[in-house]
Amino acid sequence: MSKVSFVSNNTTFKLKQTVRHRTWVERIIIANHKFPSEIQFIFSNDTFLADLNKKYLNHSTFTDIITFNYNSGHYISGDIFISIERVKANAEKFKADFNSELQRVMIHGILHLLGYNDKTDAEKKKIRKKEDEALLILNQI
């Protein structure tokens, strides 16, 4: 049973259309021949994610997303931390709408849980294509 949830921590941001986003996440997972399980999106701020980044990944930089994978077999589970401040800054940088940038980051985390990586140029190209495909599906919901 899927338990996709959305919480805010150290931010006033609240995700709108949670049913739509939950349905979308579940569809993407199922389309990848996996089963959605407990997935939590935690919307926070730069400071919180920077602390996580340093503590768990030994990186001393700001980031828009950190994904913790708790998958078990074909069941997709994890915590996806997203910095709302970083998403806003990146939306401005890439001249994108905030909601579009947020949705891209959200599905990026799901794709990491599904086993997609972005270390090499080839992997980055592949995950970007998957993000674009997922965003098209969201537009249909």
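This is a predicted model: local features need pLDDT of at least 70, side-chain atom pairs count only at pLDDT 80 or more; totals for chains, interfaces and linings use all residues.

Colleague: Where does His108 lie? And is His108 buried or exposed?

Modeller: His108 lies in helix 4, residues 98-113. His108 counts as buried because its relative accessibility is 13%, and the cut-off for buried is under 20%.

Colleague: What does His108 touch, leaving out residues up to four places away in sequence?

Modeller: Ile65, Asp118, Ile127 and Glu131.

Colleague: And Ile107, buried or exposed?

Modeller: Ile107 is also found in helix 4, and with a relative accessible area of 0% it's buried. Leaving out residues up to four places away in sequence, Ile107 touches Trp24, Ile28, Glu131 and Ala134.

Colleague: OK, switching to the strands. How do strand 1 and strand 2 run?

Modeller: Parallel, with 6 bridges joining strand 1 (residues 3-8) to strand 2 (residues 35-44). One of the pairs is Lys3 with Glu38 in strand 2. Between the two strands the chain passes through helix 1 (residues 18-31), and this β-α-β crossover is left-handed.

Colleague: Good to know. Now helix 2: which of its residues are buried?

Modeller: Asp46, Leu49, Ala50, Leu52 and Asn53.

Colleague: Why do those buried residues line one face of helix 2?

Modeller: Looking down the axis of helix 2, the buried residues fall within an arc of 160 degrees, so they line one face. In general, an α-helix has 3.6 residues a turn, so residues three or four places apart point the same way.

Colleague: What do the buried residues of helix 2 pack against?

Modeller: Strand 2, strand 3 (65-69), strand 4 (75-83) and helix 3 (84-93). On the face turned away from the buried side, helix 2 carries the exposed residues Thr47, Lys54 and Lys55.

Colleague: How far does helix 2 reach, first C-alpha to last?

Modeller: 15 Å over 12 residues (46-57), close to the 16 Å expected at 1.5 Å a residue.

Colleague: Last one: what happens at the start of helix 2, and what comes just after it?

Modeller: At the start, a side-chain oxygen of Asn45 reaches to within 3.3 Å of the backbone nitrogen of Thr47. Just after helix 2, Asn58 takes a positive phi of about 55 degrees.

Definitions and conventions: Residues are numbered from 1 along each chain as its sequence is written. Side-chain values use heavy atoms; hydrogens and water are left out. Helices (H or I, at least four residues) and strands (E, at least two) are DSSP runs, numbered from the N terminus. Buried means under 20% relative accessible area, exposed over 50%, partly exposed in between (1.4 Å probe, protein chains only). Contact means heavy atoms within 4.5 Å. Two strands pair if DSSP finds at least two bridges between them. A crossover is right-handed if, with the strands pointing away from the viewer, the path from the first strand over the helix to the second runs clockwise. The expected span of a helix is 1.5 Å times one less than its number of residues. The arc is that of the directions from the helix axis to the C-beta atoms. A polar contact is a pair of N or O atoms within 3.5 Å; within protein, one must be able to donate a hydrogen and the other to accept it, and residues adjacent in sequence count only if both atoms are side-chain atoms.
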